Amino acid sequence: MSGVEWIDQARAEGLAPTDPPEVHRPWPVVLLTALGAWLAAVPFLAMFFALFGSAIEREGVGYFFGVSLIVLSVLMLRARGIALFLEQAAVPLLITGLVLLFLALGKDLPPAGLDVVALLVGVGLILLLNASWMRVLLGVAMAAPVAHLGHLAFRELLSLTWYERHGGIGWALATLLLLVGVALLALQHQAGRRAPSARQAALLEPVLAGWWVAVLAAFAMAAGWSFAAGGALGGFFRGATPGLAASDVTLIWASRIVSVLLSGLAAVWLWRRWRPTGGARLMPPMLVLAALSALMPALGGILLVLALMASTRRWRLAALAGAAAVWAIGALYYEWQLPLAHKSMALVIAGVALAAWVRLLAWHPTAPSSDGSARPAFALRGGAAVLLGAGVLALVLVNVLIAARERLISEGRPVFVKLAPVDPRSLMQGDYMRLSYDLPGVEWRTRFNGDAPLLWGARQRVAVTLDARGIVQSSKLLGPDEEPPAGTQLLELTPKDGRWTFVSDAWFFKEGEAERWQPAKYGEFRVTPEGKGLLVRVVGEDLKPL
């Protein structure tokens, strides 16, 4: 059979596309053209809303403009030989049309009906639009109405409003999206096994890619804010199960059991797909991950997505799932219903178990040479030397810093700064007290105003006067080159979260000792003549330790 006949037969059976492949466009050209199209569309849309903005509020006008813009943009995106600029300009027109249509629908339909229409419109656009990247975005977007329908069902049918108040609804909706994704993946697999429906399976692939992105994002949001980013960006997401009451225990344990089952399902799936030799050696890490899934309800679903993507060679999505798993594990740090010591111990035990597994079952200290005899694995020896050197260097640096702090405590001048009340207690990092300081005469700037010093550069300085007991009585904010007045003590401020503070804005204490530190009135510091300080303790009105 000739090559032309083979292609013709493949197209007749639906195994090859009937249309010739699209001409490849370099992505920098597409990106720059899209940027120009969006910049050109902004004034057009501004003029459009200036002319017809008031008319859109009338009944039926929003439908007319919304549907018209959607139809126009779809025709532009489907047109053959259309200029790249016009193709990219159709995207903001499509978004504008969708916004106008759903604003009009929102006035006439209940929330559930609006979700159903959104799904129907999404399916229609997936069938009409040929660009894979647009189908990926539509796959991400279609997760929103499905999640909202699930939210309405949980609230109305299952009476889980109390669980919603405690943040567990995020995990429930993420699990719902996961189950829908598994069903779509099974449907795609069955369609791909038959030649007549192979085209539909290929069409579903970019949509599923977007769907899995939405699933992983939902699980990351359900897990809560991760330790990897919390310190830099602050809290935004709620944890999956914050502030649990005694009545929540049943459903919380149910969510943890489901998470363990999902992680076990991921292990069984990989086992059956890959059938590794000596599969029993993989049991320890599977058990460790299952135990971690019991602590973090969001982790089990992420591991199942990771297993599905890895076993089907969707490596980009597998890498994204791995990043989401790291995020979920980091979110355990902020799960304040568990004591910090218990969380730390759980992670330490997991790390030790995995290290022992690698050492005893997976690591071979020798490697075969060219003649078949065993020889030392110098790469491993070199890696061990690097780890040992890094450990020794870390110990040296830590001990140098400890010695410097001890010298500051013993030789520094005692200075007491009155505390200003700011959020007296938080449990995000264990128990600690937020600190702010009352320095009379100094107007604290709430932001850096563009002159943040980061880790280097000049910092703000304050000259303070002390009474006989070392309590700050007055203070003055100094200019960049201003010398402190005679008889004053210099204090160097520290940038923290976009604000200025003195040394530290927190006093950490052992969990359960909040009442002990509530009477704190002053922060006790040890300060050098150059203004470098160290917070030693917080004290009461009589300056005695609490």
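Modeller: Happy to; what follows is a chat about the terms used for this protein and the values behind them. Please keep in mind that this is a predicted model.

Colleague: Thanks! What is the secondary structure of the protein, and what share of the residues is buried?

Modeller: There are 17 helices and 12 strands. Of the 546 residues, 37% are buried. Among contacts with a separation of 6 or more, 65% are between residues 24 or more positions apart.

Colleague: Why is α6 called oblique to α8?

Modeller: Helix α6 (residues 132-156) and helix α8 (residues 169-192) pack at an angle of about 125°, with their axes 10 Å apart. Roughly perpendicular ends at 115 degrees and roughly antiparallel begins over 145. The angle falls between those limits, so α6 is oblique to α8. The crossing of α6 past α8 is right-handed.

Colleague: Which residues make that contact, and how do they divide by class?

Modeller: From α6 come Ala143, Val146, Ala147, Gly150, His151 and Phe154, and from α8 come Ile169, Ala172, Leu173, Leu176, Leu177 and Val180. By class, the contact of α6 with α8 has 10 nonpolar residues, two polar ones and no charged ones. Gly counts as polar here.

Colleague: What makes α12 oblique to α13?

Modeller: The axes of helix α12 (residues 283-295) and helix α13 (residues 297-311) come within 5 Å and cross at roughly 135°. With 115 and 145 degrees as the limits again, that angle makes α12 oblique to α13. Leu289, Leu292, Ser293 and Leu295 of α12 meet Pro297, Leu299, Gly300 and Leu303 of α13. The contact of α12 with α13 has six nonpolar, two polar and no charged residues.

Colleague: On to the rings. How many aromatic pairs are there, and why is the pair of Phe64 and Phe65 called edge-to-face?

Modeller: The whole structure has two aromatic pairs. The ring centres of Phe64 and Phe65 are 5.4 Å apart, within the 6.5 Å limit for a pair. Their planes are at 70°, and over 60 degrees counts as edge-to-face, so the pair gets that label.

Colleague: Are Phe64 and Phe65 buried or exposed?

Modeller: Phe64 has 54% relative accessibility, over the 50% cut-off, so Phe64 counts as exposed. Phe65 is at 15%, under the 20% cut-off, so Phe65 counts as buried.

Colleague: What makes the pair of Phe502 and Phe525 tilted?

Modeller: Their centres are 4.6 Å apart and their planes at 45°. Phe502 lies in the loop between β9 (499-501) and β10, while Phe525 lies in strand β11 (residues 522-527), so the pair ties together parts that are 23 residues apart in sequence. Both Phe502 and Phe525 are buried.

Colleague: How do you know that Ala506 is buried?

Modeller: Ala506 has a relative accessible area of 10%, which is under 20%, so Ala506 is buried. Ala506 belongs to strand β10 (residues 506-509).

Methods. Residues numbered from 1 in each chain as written. Predicted model: local features only at pLDDT ≥ 70, side-chain atom pairs only at ≥ 80, totals over all residues. Heavy atoms only, no water. Axes fitted to C-alpha atoms, helices over the stretch in contact; angles between N-to-C directions. Helix = DSSP H or I, 4+ residues; strand = E, 2+ residues; numbered from the N terminus. Parallel < 35°, antiparallel > 145°, perpendicular 65-115°, else oblique. Left-handed = near helix turned anticlockwise from the far one by under 90°. Contact = heavy atoms within 4.5 Å. Buried < 20%, exposed > 50% of the residue type's maximum accessible area, 1.4 Å probe, protein only. Phe/Tyr/Trp six-rings, centres within 6.5 Å; stacked < 30°, edge-to-face > 60°.
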